[in-house]
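Reader: Can you walk me through this one? Keep it brisk.

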Amino acid sequence: MIRWSQAFIPTLRDDPADADAASHRLLVRAGFIRQLMAGAYSLLPLAMRTRDKIGRIIREEMDAIGGQEFLLPAIQPAEIWQKSGRWEIMGQEMFRLRDRREADIALGMTHEEVFATLAVELNSYRDLPQLWYQVQTKFRDEPRPKSGVLRTREFTMKDSYSFDIDDDGLDRSFENHRGAYLRIFRRMGLDPIPIDASSGAMGGSGSKEFVVKSEAGEDLVVLCPNGDYAANVENATSRLQPVEDPPGPDEPEPFATPGVRTIAALAEFSADATTDRQIKSLFYLIDGELTIALLRGDHGLVEQKLADATGGVDIRAAGAEEIFAAMGAHPGSLGAVGVEGIPIYADHALAGRSNMTTGANIDDQHVRGVDVERDIRVTHWVDLREVEAGEPCPACGEALEVVKAIEVGHIFKLGRRFAEAFGATVLDPDGKPQTITMGSYGIGLERAMAAVAETFHDEAGLMWPVSVAPYEMVITTIGTEEDTHEQASALYRALTAGGVEVILDDRDERPGVKFADAELVGIPFRLVVGPRGLEKGEVEWKPRSGGESQGIPVAEAADHAVAAVEQARSALL
RNA sequence: CGGGCUGUGGCGCAGCUUGGUAGCGCACUUGGUUUGGGACCAAGGGGUCGUCGGUUCAAAUCCGACCAGCCCGACCA
């Protein structure tokens with residue numbers, strides 16, 4: 001029998017200092033988590049129970065699409081990371097240490113490399129497809145851990161990897177995961193939205209993120225209200241309104257613009273140079289090489305798009321002095337007209353534009369009458385701009401919305417990169433070696449838990465969906481009478497026999513304290529056993545979300561409660 | 001890494017400006033009265049004031065360095 005009086009459930013009366021997100025505040029107050037250092041949290045027994053339930057849902061759905069569970073080491077030799085080329089790429093985000101023999105060791109931040117070493121043992125196309133997964137601790141030295149358990153440096157991830165003989169097989173494995181992920185998050189009570197995403201450091205040919213709308217989220221997601229477009233702003237597009245350019249001169253005309261340093265200032269200075277008729281010139285150092293990004297004056301740059309377009313790893317805005325050394329002018333007077341020998345990435349919105357205004361690469365001078373294709377040596381036409389709310393959906397033209405969201409899962413088509421590096425091949429039906437193609441798929445368990453907490457709470461505390469609640473029901477006793485405890489214990493036994501996970505709040509506390517704690521912890525159902533009800537032969541029934549408490553005859557209480565829990569569970573299947 | 005802020009019993013904070021024997025609320029222990037929405041009375045226990053150094057007769061308080069944590073911007077499950 002699990003008794004609250006014996007459990008470690010350290011609830012707090014006050015909000016913890018510096019808790020930014022609601023889920024963070026409540027998970028701390030309700031006794032689920034405690035911080036040890038930046039980005040490292042102890043999971044207390046309540047959090048363990050919830051995380052286990054999330055893990056169970058994930059395992060069921062992974063097994064349902066043919067997954068086999070592994071457990072790989074978190075400490076890994078540098079060699080395998082050097083072999084894949086990611087020892088350098090992962091940079092500061094990878095925790096590194098040396099063992100007693102001075103050998104370089106990595107703390108695993110993901111497991112493509114280790115799984116690839118095992119995939120070498122696959123020999124025949126008949127062995128494929130394979131779907132391997134684990135639920136395991138990951139370490140990532142995040143520059144800025146945030147929002148409690150939403151973004152940590154040590155966390156539990158379900159990561160899975162698919163191995164297929166060809167692209168069609170990879171597509172099937174990818175689709176299987178897509179379906180499994182939707183079921184997993186829905187069973188947790190969430191409303192997952194699959195969106196197009198950048199593949200980032202993972203590389204590969206395609207990726208989908210699964211996000212949950214939330215103010216605490218760190219991702220911006222572009223959504224069409226009709227549901228036919230959903231993408232991360234990192235690679236979202238929209239249908240552009242064409243801009244009519246009045247005819248311009250045969251060649252660019254420089255003109256003096258004393259003190260004008262910004263797009264807005266130039267628009268003010270010159271009536272012709274409205275922001276959508278200016279060219280914004282941004283200078284970046286991409287893996288050490290100076291690179292120019294061009295956008296329409298009123299458009300913002302998405303750095304991730306620039307990284308994706310250039311394939312750059314180390315990417316940062318160039319400093320004013322670095323730019324001056326190369327261009328002979330300072331930011332505010334920069335442009336790409338006549339520039340040669342520097343890669344120029346221009347956003348599609350500049351295609352076909354003429355009679356534009358931009359910097360002259362001479363301090364305090366701009367040029368007008370610029371025809372982009374005539375006057376600028378664009379080396380790459382790419383998508384660089386950030387979509388804004390209200391722009392037309394690329395599919396249907398409806399006004400797009402931009403919302404904050406939490407990324408709870410991400411799936412990637414990796415292709416053959418890792419299998420190639422590790423020599424993972426199988427013989428095809430013709431007896432010829434074929435390199436395996438891989439996919440990788442991840443869910444952060446603690447983040448998923450926080451996303452549920454973020455989605456389901458009110459002023460009184462957490463409100464767990466029954467599928468992930470630490471306990472499905474609490475039996476709260478009132479007073480210290482012997483009869484109350486006997487009735488409550490009998491109810492506990494009946495509910496347990498009925499398969500319900502219940503905790504008995506037998507503490508010698510005032511009722512208000514016990515009710516408040518049960519609500520803070522967020523247990524979905526409550527049965528109150530006390531002398532007032534027992535006199536009438538009743539106990540009280542109350543769901544955490546909504547509804548007044550209701551008296552139920554003692555004899556029917558167990559059946560009623562079991563039925564209610566079973567109904568709540570099946571609503572989430 | 002840039003910008004802002006904070007470190008004082010388990011939690012939340014005051015004290016610092018103007019140096020002089022460390023306080024409040026919650027929590028905890030004991031006794032008593034209570035007991036259906038966060039009770040009350042009484043008596044207690046618990047603190048290297050982040051660390052190191054400096055100034056001073058004397059430092060939580062003034063000065064310096066360092067460390068840690070949080071929030072806002074560049075990254076990810």
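Author: Start with strand β30, residues 538-543. It is joined to β31 by 4 bridges, and the two run antiparallel. Helices (H or I, at least four residues) and strands (E, at least two) are DSSP runs numbered from the N terminus. Two strands pair if DSSP finds at least two bridges between them. The model is predicted: local features need pLDDT of at least 70, side-chain atom pairs count only at pLDDT 80 or more, and totals for chains, interfaces and linings use all residues. Residues are numbered from 1 along each chain as its sequence is written, while chains are lettered from A and ligands numbered from 1 in the order in which they are written.

Reader: Which residue in β31 is the bridge partner of E540?

Author: G551.

Reader: What order do the strands of the open sheet take?

Author: β28-β27-β29-β30-β31, 5 strands with mixed pairing. The edge strands, β28 (502-505) and β31 (550-553), each pair on one side only.

Reader: Which strands does helix α16 touch?

Author: Helix α16 (residues 554-570) packs on the sheet and touches β27, β29, β30 and β31. Contact means C-beta atoms, placed from the backbone, within 7 Å.

Reader: New topic. How many residues surround RNA strand B?

Author: 56, and the closest are D18, A38, G444, G512 and G530. Near means a C-beta atom, placed from the backbone, within 6 Å of the strand.

Reader: Which element gives the largest share of that surface?

Author: α14, with 8 residues. Other elements giving two or more residues include β8 (154-164) and α12 (445-455).

Note on methods
Contact = placed C-beta atoms within 7 Å. Axes fitted to C-alpha atoms, helices over the stretch in contact; angles between N-to-C directions.
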